[in-house]
Amino acid sequence: MKGKKVKIIKASHIGFCFGVKRAIGSAEKFLEKHRKAYSLGPIIHNPSVVEDLSGKGLEVISDIKKAKGSCLIIRSHGISPRLKVKANKLSIDMLDATCPFVKRSHVIVTKLKKENYKIIIIGEKNHPEVKALLEVAGDGALVVTRESDLNKLGLRDGKIAVVAQTTLSRDRFFMIVGSILQLNCLECRIFDTICNDVVQRQTEAKRLAKKADLVFVVGGKISANTRHLAQICRQQGAKTYHIETAKELKLSWLKAQPLVGIVSGASTPAGIVEKVVTKIKTNNIARRN
Ligand code: SF4
């Protein structure tokens with residue numbers, strides 16, 4: 001199969017972000033010593049990593065009661081205050097691997113709540129980080145996912161404060177903040193709590209998608225930051241495939257695509273990205289022969 005060689009441009013920001021690296025490192029260290037622990041939901045949104053940790057003794061549960069008398073590793077997304085109380089009642093030891101940037105959002109929101117601001121969290125209602133943050137923000141706080149959610153608000157003359165899910169798309173944040181500012185509130189405070197690592201990956205994704213004919217976004221399908229990267233690439237008009245592993249990459253997709261971009265989410269191991277690169281390079285060799 002002779003054909004033109006595919007050129008690859010890989011984002012420079014590849015591999016785990018600081019928070020994910022920290023969470024996995026804590027879990028591995030604990031499991032090496034104690035052999036068994038639980039996480040409420042997957043510790044990170046990447047199935048390969050979750051499977052690997054499961055082999056080392058980390059069991060994913062959906063009901064906290066299952067961890068009674070044992071150890072719960074709090075994932076990087078954090079945990080709600082209500083669940084913390086419940087865990088204490090069940091004599092569960094907690095190894096807190098909440099990302100410090102997520103904790104920073106908790107601190108900001110706690111302060112704003114005391115100062116009687118109505119808190120708006122821009123993010124996805126069902127994301128574990130947002131669910132926990134909403135509980136910290138207390139009654140009256142609101143999650144806004146899209147601009148139309150603002151129609152439910154009667155904020156004129158109110159005092160509001162806005163924070164964002166750490167993995168939100170920055171473009172979406174600015175768009176919704178723009179609409180909030182038109183609500184004519186008495187006072188409006190905006191906190192850009194989107195994580196820097198996420199912003200860098202989004203900026204690179206945009207740049208690569210503008211250049212490349214095709215972009216592979218590598219990462220967990222349930223990973224919010226990876227899905228946002230895929231959205232960003234599509235918005236730039238690039239043909240985009242969101243894949244979890246090299247196995248999902250079909251060589252037929254590479255036909256007539258001379259320039260291929262590769263970006264990855266904050267919870268994607270660098271090794272998985274390398275396998276994607278190798279698969280494309282191997283195909284290049286096969287084309288030449
Ligand atoms: S993406 Fe940012 S906020 Fe989320 S875990 Fe990684 S470093 Fe922390």
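Predicted model: local features only at pLDDT ≥ 70, side-chain atom pairs only at ≥ 80, totals over all residues.
**Entry 1**

I began with the strand order. The open sheet has 4 strands in the order S7-S6-S8-S9, and the pairing is parallel. I then looked up the edges: strand S7 (142–144) and strand S9 (187–190) each have a single partner strand, so one side of each lacks a neighbour in the sheet. From one strand to the next, the twist averages 25 degrees.

I took strand S6 (residues 118–122) next. S6 and S7 run parallel and are joined by 3 bridges. Within this pair, I found Ile 121 opposite Val 143 in S7. Helix H5 (residues 128–137) packs on the sheet and touches S6 and S7, and its direction makes about 175 degrees with that of S6.

S6 is also joined to S8, by 5 bridges, and these two strands run parallel. Here I noted Lys 118, which stands opposite Ile 160 in S8. Helix H4 lies across S6 and strand S8 (159–164), and runs at about 175 degrees to S8.

Is S6 enclosed or open? I recorded that 4 of its 5 residues are buried, so S6 is largely enclosed by the rest of the structure.

**Entry 2. The sheet with S10 and S12**

I looked up the other open sheet. Its 4 strands follow the order S1-S12-S10-S11, with parallel pairing. S1 and strand S11 (239–243) are at the edges; each has a single partner strand, so one side of each is left without a neighbour in the sheet. The twist averages 20 degrees from one strand to the next.

For the pair S10 and S12, I recorded 5 bridges in the parallel sense. Val 217 stands opposite Val 263 in S12.

I then checked the helices on this sheet. H7 lies across S1, S10 and S12, and its angle to S12 is about 170 degrees. H8 lies across S10, S11 and S12, and its angle to S11 is about 170 degrees.

**Entry 3. Helix H7**

I looked up the span of H7 (residues 196–211). The helix has 16 residues, and the distance from its first C-alpha to its last is 23 Å, close to the 22 Å expected at 1.5 Å a residue.

Which residues of H7 are buried? I listed Asp 197, Val 198, Arg 201, Gln 202, Glu 204, Ala 205, Leu 208 and Ala 209. These buried residues pack against strand S1 (7–10), strand S10 (214–218) and strand S12 (259–264), and also against helix H1 (18–34), helix H6 (170–181) and helix H8 (224–235).

**Entry 4. Gln 202 in H7**

I selected Gln 202, which belongs to helix H7. I counted 24 other C-beta atoms within 10 Å of Gln 202; the cut-off for a buried residue is 20 or more, so Gln 202 is buried.

What does Gln 202 contact, leaving aside its neighbours within four places in sequence? I found Ser 169, Arg 170, His 228, Leu 229 and Ile 232. I also looked up the distance to Val 263: the C-alpha atoms of Gln 202 and Val 263 are separated by 9.2 Å, although these residues are 61 residues apart along the chain. Val 263 is the residue of S12 that I had noted opposite Val 217.

**Entry 5. Arg 234 in H8**

I then selected Arg 234, which lies in helix H8. Is Arg 234 buried or partly exposed? With 15 other C-beta atoms within 10 Å, Arg 234 is partly exposed.

**Entry 6. The ligand shell**

How many residues surround the ligand? I recorded 15, of which the closest are Cys 17, Gly 19, Cys 99, Thr 166 and Cys 195. The elements that give two or more residues to this shell are H1, helix H4 (100–114) and H7. H1 supplies the largest share, 3 residues. By class, I divided the shell into 9 nonpolar residues, 5 polar and 1 charged.

H4, which contributes to the shell, is the helix I had noted across S6 and S8. H7, which also contributes, is the helix I had noted across S1, S10 and S12.

How values were computed
Residues numbered from 1 in each chain as written. Expected span 1.5 Å × (residues − 1). Buried ≥ 20, exposed ≤ 12 C-beta atoms within 10 Å, placed from the backbone. Contact = placed C-beta atoms within 7 Å. Near = placed C-beta within 6 Å. Nonpolar A, V, L, I, M, F, W, Y, C, P; charged D, E, K, R; others polar. Pairing = 2+ DSSP bridges. Axes fitted to C-alpha atoms, helices over the stretch in contact; angles between N-to-C directions.
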